[in-house]
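Subject: Structure handover

Hello,

Here is the structure I said I would pass on. Please open it first, then read the notes below it.

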Amino acid sequence: FTPEKIRNFSIIAHIDHGKSTLADRILEMTGNIKKLEKNDQHQVLDTLAVERERGITVLAQTASIITKYQNDDYLLNLIDTPGHVDFSYQVNRSLRACQGAVLLVDATSSIQAQTLSNLQKARDANLKIIPVINKVDLDSANIEKTYEDLVLQLDFDEDEILKISAKTGLNCDKLIERIITDIEYPKGDPEAAARAFLFNADYIGDRGVKCMIQMIDGEIDLARDRSIHSFHKSKKYDMFEVGVVTPELAPTGILKTGQVGYFLSNMKSIKDAHIGDTFYLTGSRDSINPFPGYEPPQCMVYSGIYPESAEEYEACEKAIQSLLLTDGSISFQYENSAALGGGFRLGFLGMLHLDIFRQRIKDEHGIEVIITHPSVNYKCHLRNGEMIEVDNPNESPDAAMIDYWEEAICDTTIMVPREYLEAIGYLGLPYYQEFLEEQIICKYKIPLAEMIGTFFDQLKSSTSGYASVEYKVIGYEPCELSKVVFHLNGEPVDALSFLVYTNKAREFSLYYARKLKDILPPQQFAVAIQAKIGGKVICRETIRALRKDVTAKLYGGDNTRRTKLLDKQKKGKKLMRQLGKINVNSDVFFKLLKR
Ligand code: GDP
Ligand code: MG
């Protein structure tokens, strides 16, 4: 295929607007997969089990399709992008491998927050955009209104909007034609030195890391080219396979200018596949013009991860390591907790990412883990002028050393139907507001720490699920924090320490102490629950001892036996108290950490 016969495009949409369904339909119509059976929920581009369960696309996947148009064969490269806010940086990177995008809008709900944000990204990347109304087969579809929204709010021309059903296939053939006629072909130089842009990577087991690239200039011919260099990472790899994805791997041995495909090499760690990096074959590094705009993914949420029991430590570590192989955006460190033993501290892109991790480690490795209260990353400015980053309350410096704290602030865009405007009043006044036909866009500056709490759940319930959200960290602002440490019978429990806003510390401590009281199983001895800030008790609860009535079955005057039994019980109590620990199984932790 010459570049003129290649089209590289993405489908962008708000979650649930039908992106995966459309991708499946396009693959099916071009004969790449056999016709899906009715009611088959399986979607070929969503490969991970969790993705199917949650109906979201986590890792961008790509498929190359060959189709005929006016007697010519065309190579269409479809790049599937993820649909959740936690993964929006992946949308950015995959869009950079495209020249066009299909903007999919659900006719039953019209424009939503991610419709707007993804459209913005696509316009920023200078892509040709084909506006498409989906789900027109549904009775509840409001096609006229969606049509009007696209014209009036997003400035599309009336005659460029397509109406399709990704489910029944209606007009999907027209869409494929439009992809060919409207989207420009990739304008690289076939004669120039080979240069490729890495837009995604997957760990695929024994064969290492599958690097997904777009050939910007030149070509890779495996018969001639064996080694490949990464520009930013500055490493050299030996390739042993090159090809396209359908989405199964189809080795071709060659990738030409403008094409999208993969290479396999001796690259073993996904951390070496820097998304956005430029790869080249020959010549000195200085002669290479790297692709601009690389941004590393940023972890937003940190949690300690612990096996349920110490015996499972190794299995747990193995499982985490194998998940890390497939997900380069999770950060990893070892951690030790007096209460929970050996464990790990992982960083995630957001709460959904953390949830997916928890589910994957369970589904794919059969391991239940204890996940400690998630924390964001704070900047701690010390009196001596130094600044350290703290994402773990237990690593927070002594209060006397701290000058001030700073926390991440998110620019948060919420879109709701007008009738819910009052329902989101608890968020305060937005700094920006825009009224659309029936929706309203509100922008707020909200601390990241609040976004990872009950924010999403609360918003969802107060708007009956109609609100959609986009957020992005835009900077840091000073805040006042206190470290609250819970003590059980006088002993600090490091797994129960938290960095909270100083003015909310008392409220939080009371709430949490009661929760502890409700959840902790009663013991043979009384348990004092204390919340302390810097050694000062700010609240306290007591769980009464559970006194087993060991003498209940005894009657009559055999006092010696009675005394013996009571003695024995006392000893037991003492032993437990000396251990100073109460037995909490992971169930308790799950309940404690559940919001
Ligand atoms: P994604 O989150 O954008 O990938 O959305 P999905 O492709 O997973 O679709 C979300 C839901 O909408 C699924 O239950 C689909 O079966 C359904 N859906 C998608 N397209 C259509 C369509 O054209 N008509 C109807 N009736 N349902 C559709
Ligand atoms: Mg999907």
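Helices (H or I, at least four residues) and strands (E, at least two) are DSSP runs, numbered from the N terminus. Two strands pair if DSSP finds at least two bridges between them. This is a predicted model, in which local features need pLDDT of at least 70 and side-chain atom pairs count only at pLDDT 80 or more, while totals for chains, interfaces and linings use all residues. Residues are numbered from 1 along each chain as its sequence is written, chains are lettered from A and ligands numbered from 1 in the order in which they are written, and side-chain values use heavy atoms, with hydrogens and water left out.

Four strands make up an open sheet, in the order 17-18-16-19 and with antiparallel pairing. Its edges are strand 17 (331-337) and strand 19 (369-371), each of which pairs on one side only. From one strand to the next the twist averages 30°; angles run from 0 to 180 degrees between N-to-C directions, and axes are lines fitted to C-alpha atoms, for helices over the stretch in contact.

Strands of a sheet pair through backbone hydrogen bonds, either parallel or antiparallel. Strand 17 and strand 18 are joined by seven bridges in the antiparallel sense, and a hairpin of three residues links them. Here Phe332 stands opposite Leu346 of strand 18. Strand 16 (residues 301-307) is joined to strand 19 by three bridges, again antiparallel. Tyr306 has Ile370 in strand 19 as its bridge partner.

Helix 7 (residues 313-326) packs on this sheet and touches strand 16, strand 17, strand 18 (341-348) and strand 19; contact means heavy atoms within 4.5 Å. The direction of helix 7 makes about 15° with that of strand 18. Helix 8 (residues 351-365) lies across strand 16, strand 18 and strand 19, and runs at about 135° to strand 18.

Another open sheet has four strands in the order 27-26-28-29, with antiparallel pairing. Strand 27 (491-501) and strand 29 (536-543) are the edge strands, each pairing on one side only. Neighbouring strands are turned by 20° against each other on average, direction ignored. Strand 26 (residues 481-488) and strand 28 (residues 527-533) run antiparallel and are joined by five bridges. The partner of Leu488 in strand 28 is Ile529. Helix 11 (residues 505-519) packs on the sheet, touching strand 26, strand 27, strand 28 and strand 29, and its direction makes about 20° with that of strand 29.

Ligand 1

Which residues come nearest to ligand 1? Of the 17 around it, they are Asp16, Lys19, Ser20, Thr21 and Asp137; a residue is near if one of its heavy atoms lies within 4 Å. Helix 1 (residues 19-29) gives the most to this shell, with three residues.

A polar contact is a pair of N or O atoms within 3.5 Å. A polar side-chain atom of Asp137 lies 2.7 Å from a nitrogen atom of ligand 1. A backbone N or O atom of Gly18 is 3.0 Å from an oxygen atom of the ligand. For an N or O atom in the side chain of Ser165, the distance to a ligand oxygen atom is 3.1 Å.

Regards

Conventions
A polar contact is a pair of N or O atoms within 3.5 Å; within protein, one must be able to donate a hydrogen and the other to accept it, and residues adjacent in sequence count only if both atoms are side-chain atoms.
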